[in-house]
Amino acid sequence: MIKIFQNIHPIFFLLVATTLEVFGDAIIRISIHHHTGLARIGLMLAGSILLFGYGFSLNLAPVEFGQVVGLYIATLFFVWQIGNYIVFRSLPTLPIIAGGTLIIIGGLIVTFWKPK
């Protein structure tokens, strides 16, 4: 099974994983704050399935996690802002944009800066 995934670029796995993580977290947040009873349980189960998919897809990437952790964090921040707007209709504030820019720059440094 792993051989199938070795020809897929790691960024694909990062995008799938971060998307599943962001929307899994959003569904759990919605279940906690806006639902009760069976609806809450159903939404928590759905969110849990997405979060399992996040962990599973991230670990299918044909690289060591340590090699992509910086890019993962940068991708997560970016996808998180998209998901936050889609689900909660919330645009990032200036502090979020400023801090997020630092997160993305840091992620790129961690990923691509190779010491001599």
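What follows is a chat about a helix contact and the aromatic pairs in a predicted model.

Trainee: Before we start, what do I need to know about the numbering and the model?
Mentor: Residues count from 1 along each chain as its sequence is written, and side-chain values use heavy atoms, without hydrogens and water. The model is predicted, so local features need pLDDT of at least 70 and side-chain atom pairs 80 or more, while totals for chains, interfaces and linings use all residues.

Trainee: Okay, how do α4 and α5 pack?
Mentor: Helix α4 (residues 65-88) and helix α5 (residues 94-112) have axes 7 Å apart, at an angle of about 155°. That makes α4 roughly antiparallel to α5 (the word applies to angles over 145 degrees).

Trainee: Which residues of α4 and α5 make the contact?
Mentor: Contact means heavy atoms within 4.5 Å. Gly70, Ile73 and Phe77 are among those from α4, and Gly100, Ile104 and Gly107 are among those from α5.

Trainee: New topic: how many aromatic pairs are there?
Mentor: Three in the whole structure; rings of Phe, Tyr and Trp (its six-membered ring) pair if their centres lie within 6.5 Å, with planes under 30 degrees apart counting as stacked, over 60 as edge-to-face and the rest as tilted. One of them is phenylalanine 12 with phenylalanine 13, edge-to-face at 5.6 Å and 80°.

Trainee: And tyrosine 54 with tyrosine 72, what are the numbers there?
Mentor: Their centres are 6.3 Å apart and the planes are at 25°, so that pair is stacked. Tyrosine 54 sits in helix α3 (residues 37-60) and tyrosine 72 in α4, so the pair ties together parts 18 residues apart in sequence.

Trainee: Is tyrosine 72 buried or exposed?
Mentor: Buried, at 4% relative accessible area, whereas tyrosine 54 is partly exposed at 23%. Buried is under 20%, exposed over 50%, and partly exposed in between (1.4 Å probe, protein chains only).

Methods. Axes are lines fitted to C-alpha atoms, for helices over the stretch in contact, and angles run from 0 to 180 degrees between N-to-C directions. Helices (H or I, at least four residues) and strands (E, at least two) are DSSP runs, numbered from the N terminus. Angles under 35 degrees count as roughly parallel, over 145 as roughly antiparallel, 65 to 115 as roughly perpendicular and the rest as oblique.
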